[in-house]
Amino acid sequence: MVVSRQLGKAVSSLENWLLAYPRQQDMDELIDIRDAYRLMAGYWQRGFDDPQRPQVYDQLLRRVYVLTADVSIRHQLSDSTYMKVLHQRPRKAHNDWSLSAIRASLESFVSELALLELQPEAERRRQSNDLYTRHNEQMRDLFDYILTSRQWRPRQADAFLDMLLSPTLASIDQQLIVSAITLSATQNFCYQKFRILSEVWLQATDEPLRQRALVGWVLAAASDSRAWHLYTEVYDTVSRLSSDEATRQELAELQMQLVYCQQADQDHATIQKEILPDIMSGSRIKFTGKGLVEMDEDSLDDILHPEASEMAMERMEQSIQRMVDMQKHGADIYFGGFSQMKRFPFFSDISNWFVPFYPQHPAISQTWQNVRGGKFLRAITRAGAFCDSDKYSFVLAFTQVLDRLPANLLQMIEKGEASAEALGGEMAQEAQQSPAFIRRVYLQNLYRFFRIFHARSEFTTPFGQEGSYLFFTHPLFAQPSLSSQAVATARFLMKRQRYADAASVLANIPSEQRDLQFFLLAGAAMQHTASDALPAPDCCFREALKLQPDNQRALAGLARTLFASQHYEEALARYEQLLLQQPDHRTYQLNAAVCLLNLQRTDEALKLLYKLSYVYPDDLTVTRIMAWAQTVGGKYEQAGKRYSQLLAAEKPEPADLLNYGYCLWLQRHIADAIGMFRRFLDCQQQSDFSIVHEFTATEHQLLADHGISDIEIQLMLDACAPAGLNDK
């Protein structure tokens with residue numbers, strides 16, 4: 001009721017709720033709002049004209065929204081044991097959560113860290129470990145405190161914004177605070193938290209901090225489909241940010257990266273089924289109960305079949321390169337493997353899923369300082385394209401894996417000679433500093449949290465089917481300035497066969513921005529989905545032709561659509577238009593010939609097909625259509641020769657068996673026709689094909705035109721049954 005601007009009803013509903021679940025502080029706030037509303041309504045009833053009434057009404061609506069959100073958060077915390085503990089623990093651990101105390105603590109850490117440089121190395125290491133341990137606990141508490149906080153007031157938000165932009169705080173701390181604000185704001189939209197994130201994106205100079213803020217304000221804005229109506233500032237902010245070309249480009253990249261995250265399972269399946277088998281077959285390492293064992297280089301198989309070993313090695317190299325290419329294009333190639341390495345106690349704390357990787361983290365500092373394999377660890381975490389979460393997993397698992405490695409591989413690791421190439425490739429430091437890469441690894445941190453965290457069910461994921469990850473479908477991003485980026489995103493989705501998503505993105509483009517490219521993409525998308533987000537595909541292509549009457553893509557799209565809907569007359573006219581532009585286009589000629597066949601203009605179709613068969617004598621598609629045209633045209637002997645050619649294939653197409661059955665039937669070669677239909681039906685055991693519908697509907701007119709009665713059709717159906725009535 002709040003978001004629909006029904007203030008009176010919203011106040012009454014909230015009052016009823018608070019009577020059932022009383023809390024004096026909330027009730028006092030509601031009474032204050034109710035009294036202000038009644039005062040405003042009283043002036044209106046007495047006929048006073050108050051020019052400030054719209055502003056007062058909006059202010060009261062926002063106050064009701066904030067109070068409702070706070071009440072909802074309190075109810076969520078009380079309804080979940082896990083969230084209740086998460087809320088209470090930091091508040092019990094620290095009595096002073098004032099803004100000044102928070103800032104003083106964060107600044108004190110930076111100062112103490114700087115002073116350690118003056119200490120002797122041994123003392124510095126000891127004090128450093130103690131300092132990082134205390135600070136890690138403080139940051140964990142601060143993260144949980146922010147995550148479970150209610151709606152923020154402007155003063156509180158201003159203080160956090162000032163901290164996040166201050167050069168006196170550590171970037172790692174600022175990044176972690178931004179993640180906490182993001183997680184809180186995406187679960188319960190808060191305008192002040194959204195404002196912080198958008199301002200950090202605009203004003204911060206630290207790129208990792210900016211990229212986390214970008215992800216934060218976008219997901220926060222898209223997380224709620226209605227609350228932003230109360231805050232026109234949200235729309236104004238998105239509009240203002242979208243006016244910048246660089247921001248528009250980053251928004252488009254972010255949208256595509258979010259889609260890549262959401263496809264992590266598909267990418268993992270591809271790696272498991274198509275890539276890893278070749279890598280393992282070419283490797284000289286095998287898994288045993290005692291760990292990894294290197295196989296003998298001089299095995300008998302290598303001596304007898306040296307070419308097989310070379311081919312396996314070549315396949316392995318190609319598969320590794322394929323995985324590297326997937327990673328370079330944005331795929332999350334590590335999710336499947338590292339998702340199995342998130343059972344360490346380290347990942348019980350929410351903040352550890354989002355903390356930037358740093359070697360001094362108390363959970364990994366001892367492993368990092370261990371000289372055994374230290375060079376390899378540093379090389380992998382520096383050059384490997386892993387997200388922070390996976391780096392922590394790798395280090396935590398490292399000591400457990402180390403003792404299970406082959407001796408020579410262990411020696412290479414201890415010398416620092418092993419590389420990250422086999423793990424999906426290395427990435428130069430310069431590339432790792434790019435905004436796109438920084439943003440990608442952070443998104444992978446987010447995705448892993450929402451997919452793997454043991455208490456993930458307590459949170460609403462943005463990566464679900466109805467999640468906010470596809471933010472270009474949200475009304476807030478229906479900005480005229482973002483139209484070209486939305487079109488690019490739709491094209492990206494189309495390439496991945498996500499047609500319904502592409503249609504939803506296109507539907508969000510303002511009508512005045514719908515140009516030729518829009519209608520071409522919309523028509524193509526709607527050919528593959530039943531979505532009601534856009535007009536039918538033929539309407540889209542007709543709109544494109546209004547803008548450019550001779551556009552070949554629009555003509556071809558319309559022709560295909562008309563053909564699919566069996567409007568053969570107009571489809572033929574469109575293909576004839578296309579053939580005026582490209583007279584020798586094979587597909588246009590073939591489709592035109594099929595249109596002619598369906599219009600019973602068999603002689604014209606055959607004339608066109610004879611020409612094609614001369615130009616493409618080995619094209620089986622041409623042969624297939626020619627055979628059917630000759631069957632329909634009564635040229636059974638010629639058709640039979642072509643079907644013999646088609647059925648000579650090692651695995652004939654089922655459609656050729658069916659159509660040859662018709663050819664034989666029309667010649668009254670009944671026994672041969674029955675045999676051919678049975679062969680066809682054997683190929684259709686796993687499909688929902690209906691031979692009854694085929695004979696009595698699809699090709700009923702053809703059979704009738706050739707003198708085959710309904711009684712004969714029934715006899716043929718009986719004969720083609722699994723145990724025909726005429727079988728002996």
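In this predicted model, Thr-367 is in contact with Leu-377, Val-395 and Thr-399, once neighbours within four places in sequence are left aside. Thr-367 lies in helix α17, which spans residues 365–369. Its relative accessibility is 18%. Thr-367 therefore counts as buried, the limit being under 20%.

Gln-192 belongs to helix α9, residues 191–203. The relative accessible area of Gln-192 is 11%, so this residue is buried. Beyond four places in sequence, Gln-192 touches Trp-152, Arg-153, Pro-154 and Ala-157.

The protein has 728 residues, and 48% of them count as buried. Its secondary structure consists of 37 helices and two strands. Among contacts with a separation of 6 or more, 68% join residues 24 or more positions apart.

Nonpolar side chains tend to be buried together in soluble globular proteins. Here the largest nonpolar core holds 216 residues. Within this core, Trp-217, Ile-350, Phe-354, Phe-477 and Trp-665 touch the most other members. Not counting residues up to four places away in sequence, Phe-477 touches Trp-217, Val-218, Ala-221, Val-238, Phe-471, Phe-472, Leu-482 and Asn-508. Trp-217, itself among the core members with the most such contacts, is thus one of the residues touched by Phe-477.

Gln-513 sits in the loop between α24 (499–507) and α25 (516–526). Its relative accessibility is 31%. Gln-513 is therefore partly exposed, as the value falls between 20% and 50%. Outside its sequence neighbours up to four places away, Gln-513 touches Pro-480 and Ser-483.

Ala-571 is found in helix α28, residues 568–581. With a relative accessible area of 0%, Ala-571 is buried. Leaving aside neighbours within four places, its contacts are Ala-559, Leu-562, Phe-563 and Cys-595. A separation of 9.3 Å is found between the C-alpha atoms of Ala-571 and Ala-556, which are 15 residues apart along the chain.

Cys-595, one of the contacts of Ala-571, also has 0% relative accessibility and counts as buried. Cys-663 has a relative accessibility of 0% too, so this cysteine counts as buried. A disulfide is a covalent bond between the sulfur atoms of two cysteines. The disulfide count for this model is zero. No pair of cysteine sulfur atoms therefore lies within 2.5 Å.

Most residues other than glycine have a negative phi. Gln-497, although not a glycine, has a positive phi of about 60°. This residue lies in the loop between α23 (483–495) and α24. At 61% relative accessibility, Gln-497 counts as exposed, because the limit is over 50%. Gln-566 also has a positive phi, near 65°, and is likewise not a glycine. Gln-566 lies in the loop between α27 (552–564) and α28. Its relative accessible area is 58%, so Gln-566 is exposed. Helix α28, on one side of this loop, is the helix that holds Ala-571.

Empty space was examined next. Rolling a probe the size of a water molecule over the atoms shows where such space is left. The second largest pocket contains about 850 Å³ of space. Its lining comprises 23 residues. Asn-598, Trp-628, Val-632, Thr-698 and Glu-699 lie nearest the pocket centre. Five helices each supply at least two lining residues: α29 (586–598), α31 (620–632), α33 (654–666), α35 (691–698) and α36 (700–705). By class, the lining has 11 nonpolar, eight polar and four charged residues.

Methods: Residues numbered from 1 in each chain as written. Predicted model: local features only at pLDDT ≥ 70, side-chain atom pairs only at ≥ 80, totals over all residues. Heavy atoms only, no water. 1 Å grid on protein atoms, 1.4 Å probe; cavity = no way out; pocket = protein on both sides within 12 Å on 5 of 7 lines; lining within 4 Å. Points joined across faces, edges and corners; volume = space filled by probe spheres on them. Helix = DSSP H or I, 4+ residues; strand = E, 2+ residues; numbered from the N terminus. Nonpolar A, V, L, I, M, F, W, Y, C, P; charged D, E, K, R; others polar. Buried < 20%, exposed > 50% of the residue type's maximum accessible area, 1.4 Å probe, protein only. Core = buried A, V, L, I, M, F, W, Y, C linked by side-chain atoms within 4.5 Å. Contact = heavy atoms within 4.5 Å.
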